[in-house]
Amino acid sequence: MEPEVQQKNKTDLVFQPQLARIERILPQISGHRLFQLKLINEEAAEQFSHLCGQFIELTVIGVGEAPISISSPPSRPGTIEICVRKAGVVTSALFKLHPGDQVAIRGPFGNGFPLDELKGKDVMLIAGGLGLAPLRSLLLSILDDRASFKDLVLMYGSRNPNDILFKYELLGMMNRTDIKYFFSVDSDDEGIWKQYVGVVTGLFERIEVNPETTFCALCGPPIMYRFVIQELKKKKIPMDQIFVSLERMMKCGVGKCGHCTIGKYYCCTDGPVFRYSDILDIKEAV
Amino acid sequence: MKRLKKENLAPFLEEMNNKRTVYCPQSVDEKDIILAPLGKGKITDEACKTSISFKSMLFPQKEEINNFSKDGVEKILDTGKTAVFGVRACDFRSMEFVDAFMARNEMKDPFYFAKRNNILVMTLACNCPVSETCFCTDTGKAPFLEKGFDLQFFDAGSFYIVESQSREGDKVLESDYFTGSDSKDGETLSKIKDNSMKAEMQAPGFAKAVEWLKGNEPEPEFWDDLATACIACGGCSFVCPTCTCSNIFDSPSNGGFMRFRTWDTCMYEGFSRETSGHNPRGSLGSRLARRYLHKIKDDPENYGVSGCVGCGRCSDACPVGLGMIEIIKQINRI
Ligand SMILES: Cc1cc2nc3c(=O)[nH]c(=O)nc-3n(C[C@H](O)[C@H](O)[C@H](O)COP(=O)(O)OP(=O)(O)OC[C@H]3O[C@@H](n4cnc5c(N)ncnc54)[C@H](O)[C@@H]3O)c2cc1C
Ligand code: SF4
Ligand code: SF4
Ligand code: FES
């Protein structure tokens, strides 16, 4: 067999971490922080472009790597924003770093949400907890090009009123008339919450949708998907108009290590965003 | 077509070893046959099944992939020239499968292809099954190759009949150890091929199971039942020439850090467990289903070729009598 010529570009980046600097760290709710990253190599920084819903493999140097969604929208290039929960070894090590410190990133990886397909449609974003991280990228993309989309709805469920991510950013948009917000909290021990208390699915009683023109994007904890999809079925939204972003254990992010498989799909390359009709029949999917 | 006397195999490989690091099956302590660089033991000149296939040359059990130093992050590409002799048809097909897998989505695995582009593969056809667990013919393939190889050797008793299908192969045949073929060699070759196809092999019913799986799937209980025997040792994956699951981890080295890639297996409980504790394949039954089903159901759909080449290694390795042969038999009983 003739030797193959090594392919440039895409292949070159597959396992090539690039150094990045932490520009700013913005505290979010307890245990969550927003990190603003910038690639150190200027050319690489300029070339970096992503789609909403894509993720990076983030290396805390000397500790390890973890897949993290890009929270900033493609329409605001230059800085890569990630919202991270302190969960285990790599993420805890990240929380010990300061602005100016270096990390390394690979990516962006994954397919992302089909923004073009959503244009001219009503869009419903449904997030639970940290599921807002990838959906924020989509939300801001839509807001940055608002005229291209019809009605926009955000439903966001948190554990309690102190657990709302991007709270001030969301509050700042509250007086916009071109987006409808619905928030829920699972519980409100302090009695400070004036909106809906209960799981996010309870919010569906409050909305009217046109099933023909409504497209949904959803991301949240594993338990959320099945219940939300039931509600969407009740609203008669076709299964091929529902997009779910799924989490899996990932190591390589580029379809090689096998950790993230969902049936015949690889979550890291075929996903993390799936059209629900494509994975309906896969038992282990949601 | 050329000939190589069996007594000239060792000197020929030694000669090649000056240019490339040559691996071949060798017997150590008169007992185990292992695939190793020349000089480990006695060269085995007949077709045989090494416990680990030559996938370990292209996708090692452990390899360094990135070096993190003060100067930045480097990819470590091993481009040393290698050659391997004695690769059976099934193992060669496993490499073709892994080639396709490692090049998916325009994202070629750099570490795999660095080695792959620098290996010369010399296959040795099987005249008869080399072990009780061989079932390549049951997968619809032959114990020899029709195309795609550089050099293919056939065992004709005291000598090999050697075919080349590439420029690289032609160059090797220029060595003085090879002699011209006899007019009868073509006939001998046809006979060897015919006989090898007629040789009796394990016939678990591969084609029937694969066909049934196209529209059906065993119930979870089927796998849970089998899982009562499985001890999740992962042996079936490690020995499988088409299994390529890996783990990645970082470790201090020379004042910096080294990133390693190692073999991993979907049979382990932690393989798919997320930090939250959520595990989409928490049950052993679901992992057994994954390990065996994707080879014969998903892989053909994804890559157009079977993910199982019928080498039987998983059946050899499994300490509790599972392995592909048993799984296929069980599927055919549903
Ligand atoms: C597509 C995708 C997007 C994600 N986006 C975000 C995000 O925006 N913000 C965020 O905080 N978290 C996100 N996560 C989850 C995050 O990857 C895990 O919380 C993180 O890997 C935990 O790493 P750790 O080292 O701190 O945990 P540990 O449990 O100590 O280590 C587990 C190790 O396993 C590996 N791993 C890979 N994928 C996972 C996974 N899904 N769950 C657990 N371990 C994993 C990593 O190498 C990790 O270091 C995302 C996961 C995926 C798959
Ligand atoms: S699944 Fe078993 S028989 Fe098939 S290629 Fe792998 S080790 Fe060989
Ligand atoms: S070799 Fe056998 S016991 Fe071990 S994981 Fe595979 S099927 Fe289970
Ligand atoms: S993360 Fe490695 S294959 Fe998907």
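1. A search of the whole structure, which is a predicted model, finds seven cavities of 30 Å³ or more. The largest cavity holds about 170 Å³ of space. Rolling a probe the size of a water molecule over the atoms is what shows where empty space is left.

2. The lining of the largest cavity has 19 residues, and those closest to its centre are A:Tyr266, B:Thr244, B:Cys245, B:Arg290 and B:His294. The most comes from α10(B), with five residues.

3. By residue class, the lining of the largest cavity divides into eight nonpolar, six polar and five charged residues. Among the residues closest to the centre, chain A is represented by A:Tyr266.

4. The ligand site comes next. Ligand 1 lies between chains A and B. It is surrounded by 23 residues, of which A:Glu65, A:Pro67, A:Val89, A:Thr91 and A:Met250 are the closest.

5. Which atoms of the protein lie close to the oxygen and nitrogen atoms of ligand 1? For A:Cys83, a backbone N or O atom is 2.8 Å from a nitrogen atom of the ligand. For A:Arg85, a backbone N or O atom is 2.7 Å from an oxygen atom of ligand 1. A:Thr91 takes part through its side chain: one of its polar atoms lies 2.5 Å from an oxygen atom of ligand 1.

6. How much of ligand 1 does the protein bury? Ligand 1 taken alone exposes 830 Å², and the protein buries 87% of that area.

7. In chain A, β4 (64–69), β5 (80–85) and α3 (89–94) are the elements that give two or more residues to the shell around ligand 1. Of the elements, β4(A) gives the most, with five residues. The shell also draws on two domains of chain A, taking at least three residues from each of domain 1 (12–109) and domain 2 (115–279).

8. The shell around ligand 1 divides into 13 nonpolar, four polar and six charged residues. A:Thr91, whose side chain has a polar atom 2.5 Å from an oxygen atom of the ligand, is also listed with the residues closest to ligand 1.

Technical notes
Residues numbered from 1 in each chain as written. Chains lettered and ligands numbered in written order. Predicted model: local features only at pLDDT ≥ 70, side-chain atom pairs only at ≥ 80, totals over all residues. Heavy atoms only, no water. Near = heavy atom within 4 Å. Polar contact = N/O pair within 3.5 Å; in protein donor to acceptor, adjacent residues only side chain to side chain. Areas by Shrake-Rupley, 256 points an atom, 1.4 Å probe, with all protein chains shown as cover. Helix = DSSP H or I, 4+ residues; strand = E, 2+ residues; numbered from the N terminus. Nonpolar A, V, L, I, M, F, W, Y, C, P; charged D, E, K, R; others polar. Domains from an automatic or database assignment. 1 Å grid on protein atoms, 1.4 Å probe; cavity = no way out; pocket = protein on both sides within 12 Å on 5 of 7 lines; lining within 4 Å. Points joined across faces, edges and corners; volume = space filled by probe spheres on them.
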